[in-house]
Structure formats: structure tokens, C-alpha cells
Amino acid sequence: MSGPAGSTKAGGGAVFAFAATLIWGIQFPVAKASFAWVDAYHGTLFRYAAPTLILLCALLWREGRGALRMDRRAVQAGVLGLVGMCFSPALVLGGLTFTRPEVVAVIVATQPATTALGGWLVFGRRPGRFTLACVAFAFIGAITVITRWNPALAPSGMELVGVLMIVGGSLCWVAYTLGNPTFVGWSPLRFTTFTVVAGALGSCVLVTVLSSTGIVEPPSASQWMSALPHLLFLSLFGVLASMILWNLATARIGALNAMLFANLIPVVTFAIGFAQGYRPLPAEIVGAAMVIAALIANNLYLRMAR
């Protein structure tokens with residue numbers, strides 16, 4: 001698309017993609033701060049409560065009651081919702097309890113690379129050699145950030161458990177992403193609503209089980225109030241606003257172009273950590289740069305291939 005209208009549309013899409021990326025980069029330090037009052041699992045439940053209600057109202061308004069009918073694919077959508085909207089955030093934020101926001105941001109940033117491997121495994125779409133090389137380079141960069149190539153600083157004990165939880169949560173999101181295109185005939189709003197509702201219900205069950213077994217304790221009213229600003233940001237911006245912004249961006253500039261902006265997530269998270277007084281080691285900076293460079297290179301390669 002060319003001309004002023006095309007430039008305006010592309011410029012607006014770039015702004016939307018950058019805004020979504022900015023929110024995602026901010027949310028990990030904000031979530032980490034909220035753990036001082038509310039555990040990750042109650043926080044996840046709160047995080048999806050408001051978006052669930054808003055999406056249900058939007059779906060009824062746009063598509064009517066018929067969009068809520070339970071057809072054959074509703075069960076599949078529910079399973080994907082549990083995987084992507086319950087297990088993924090619970091594992092990622094639960095893992096964040098034991099490690100640094102920078103680690104989470106870098107692992108999450110490798111999801112496009114992991115998705116390429118997942119597409120090969122599930123659909124038989126073998127990535128090109130250059131893509132595979134970029135995937136390997138990105139993973140080496142992520143390992144560099146996590147371990148800092150120093151046995152004394154490498155994750156161990158509960159920190160290692162946290163890293164493994166984050167990796168598991170990232171893989172859950174990749175599974176959700178790979179399942180999305182199979183819902184031909186469903187609008188993005190319907191698919192998102194079904195999966196978010198399933199994720200919210202799954203979070204209710206998870207929190208109930210963890211609370212009844214004594215693994216986590218229900219926060220008090222004062223704890224909820226102390227964490228409320230953080231949780232509102234994570235809910236209204238980290239889930240709802242970022243999702244709308246990202247969908248608008250991909251509609252205007254395409255998923256491939258939007259993913260270029262997603263590579264900035266670790267940059268935002270590292271910048272916030274630096275502002276808060278955290279000084280990353282050179283190995284962490286090099287590792288994050290490796291991840292970003294690999295993903296950008298692959299993005300440009302795919303663009304040229306198209």
C-alpha cells in the first residue's frame with residue numbers, strides 16, 4: 001500500500017505495536033513488585049477477571065448470543081484457553097516469584113523461535129536453515145542471560161525451578177499460538193473470548209486447589225488494596241489493552257512487521273531494572289543482544305523471502 005493513506009495506516013500500526021511492546025516489557029517488573037502483597041496465582045486470577053467480563057460483553061454486542069453456542073470446537077477452544085490463558089501465565093508469573101524479571105523477558109522473547117520449531121514438529125513446516133541458525137543463536141543468548149556463564153551465578157534450587165516454570169509457561173503459549181489458526185470461521189473476538197473465559201475458570205480452580213492445600217494463602221483485604229494499582233495495570237493494560245493494540249497492529253502492518261517491535265520487550269524490561277538500580281552483568285547484556293539480533297535477523301530474512 002502506498003500514498004498518504006497507506007503511510008498513515010502503517011504509521012498507526014507501528015505506534016500500536018510499540019505501545020503493546022512497551023506494556024509487555026513493563027508488566028514483568030510490575031508483577032514482581034505485586035508479589036510483596038499478592039501471590040502469582042491470585043494475581044493471575046485477578047488479572048483475567050476484568051478482561052473476561054469486558055470480552056463477553058463485547059462479543060454479545062458485536063456477534064449476538066449465537067456466538068456463545070457450544071459447538072464441536074468449543075471444547076478444543078476451552079483446552080487451548082486452559083493451556084494459554086491459565087497454565088501459561090500461572091507458570092510464567094509463578095516462576096517470576098523465584099527469579100529476575102529480565103530472565104522472564106528474555107525467555108518470552110524467544111517464543112517466535114520456539115514457535116518456528118513447534119510448527120515444524122506439529123505441522124511439518126521445516127524452517128529454513130537461516131531460521132534454524134537464528135533459533136540456535138537466540139537460545140544461546142537466552143542461556144547466556146540465565147546462567148551468565150558463571151557456575152556460581154547459574155540458577156540453582158528454587159531459582160532453577162522458577163526458570164523451568166517460565167520455560168514451561170512459554171511453551172504453553174506457543175501451543176496456544178499454534179492452535180489459533182485452526183479455528184477457521186471463528187472471529188478473533190470469539191476465539192479470544194472463549195479462551196479467556198476458559199483460562200479464567202481454570203485459574204479459579206487452580207487458586208482453590210492451591211489455597212485448600214495450604215500452598216498459597218488467600219491475601220487479606222489490606223494486601224489486595226496494597227497490590228491493587230499493580231494488578232489493575234496487569235489486568236487492564238497487560239491483558240486487555242495490549243491484546244487490542246497488538247491485534248490492531250497486526251491488522252495494519254502484518255504479524256511479521258509487528259514481531260519486529262516485540263523484540264524490544266527485553267530492552268524495556270532491562271531499562272526498567274536499570275532505573276530501579278539493577279546493574280546487569282556484561283554477559284546478560286550480551287545475551288539479550290544475541291536474542292534480539294537473532295530474532296530481528298530472522299524477521300528480515302522472512303521478509304525478503306516473501
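The structure is a predicted model, in which local features need pLDDT of at least 70 and side-chain atom pairs count only at pLDDT 80 or more, while totals for chains, interfaces and linings use all residues. Residues are numbered from 1 along each chain as its sequence is written, and side-chain values use heavy atoms, with hydrogens and water left out.

I will start with the salt bridges. How many salt bridges does a search of the whole structure find? There are two. A salt bridge here is a side-chain nitrogen of Lys or Arg within 4 Å of a carboxyl oxygen of Asp or Glu. As background, side chains of opposite charge can pair when their charged atoms come close.

When I say helix, I mean a DSSP run of H or I with at least four residues, numbered from the N terminus.

Arg-100 also bridges to Glu-284, where the closest N and O atoms are 2.9 Å apart. That pair links distant parts of the chain too, since Glu-284 is in helix H11, 184 residues from Arg-100 in its loop between H3 and H4. Taken together, Arg-100, Glu-159 and Glu-284 form a network of salt bridges.

Are these residues buried or exposed? Buried means under 20% relative accessible area, exposed means over 50%, and partly exposed is in between, with a 1.4 Å probe and protein chains only. Arg-100 counts as buried at 12%, and Glu-284 is buried at 0%. Glu-159 is partly exposed, at 22%.

Next, the second largest pocket. The search runs on a 1 Å grid over the protein atoms alone, and a pocket is an open set of points where a 1.4 Å probe fits, with protein on both sides within 12 Å along at least five of seven lines. Its volume is the space filled by probe spheres set on the points, which are joined across faces, edges and corners. For the second largest pocket that space is about 350 Å³.

The lining consists of 16 residues, where a lining residue has an atom within 4 Å of a point. Which of them lie nearest the centre of the pocket? They are Arg-62, Pro-188, Leu-189, Ile-244 and Asn-247. Helix H2 (40–63), helix H8 (188–212) and helix H9 (221–262) are the elements that each give two or more residues to the lining.

By type, the lining divides into 11 nonpolar, three polar and two charged residues. In that count Ala, Val, Leu, Ile, Met, Phe, Trp, Tyr, Cys and Pro are nonpolar, Asp, Glu, Lys and Arg are charged, and the others, Gly among them, are polar.

Phe-18 belongs to helix H1 (residues 3–34) and is partly exposed, at 41%.

Arg-148 lies in the loop between helix H6 (129–147) and helix H7 (157–179), and its phi is near 55°, a positive value in a residue other than glycine. Trp-149 is in the loop between H6 and H7, with phi near 50°, again positive in a residue other than glycine. Arg-148 is buried at 15% relative accessibility, whereas Trp-149 is exposed at 56%.

Last, some C-alpha separations. Leu-80, in helix H3, is buried at 11%. Its C-alpha atom is 9.2 Å from that of Trp-173, 93 residues away along the chain. Tyr-301 is in helix H11, and its C-alpha atom is separated by 18 Å from that of Gly-119, 182 residues away along the chain. Leu-300 is found in helix H11 and is partly exposed at 40%. Between the C-alpha atoms of Leu-300 and Ala-105 there are 22 Å.
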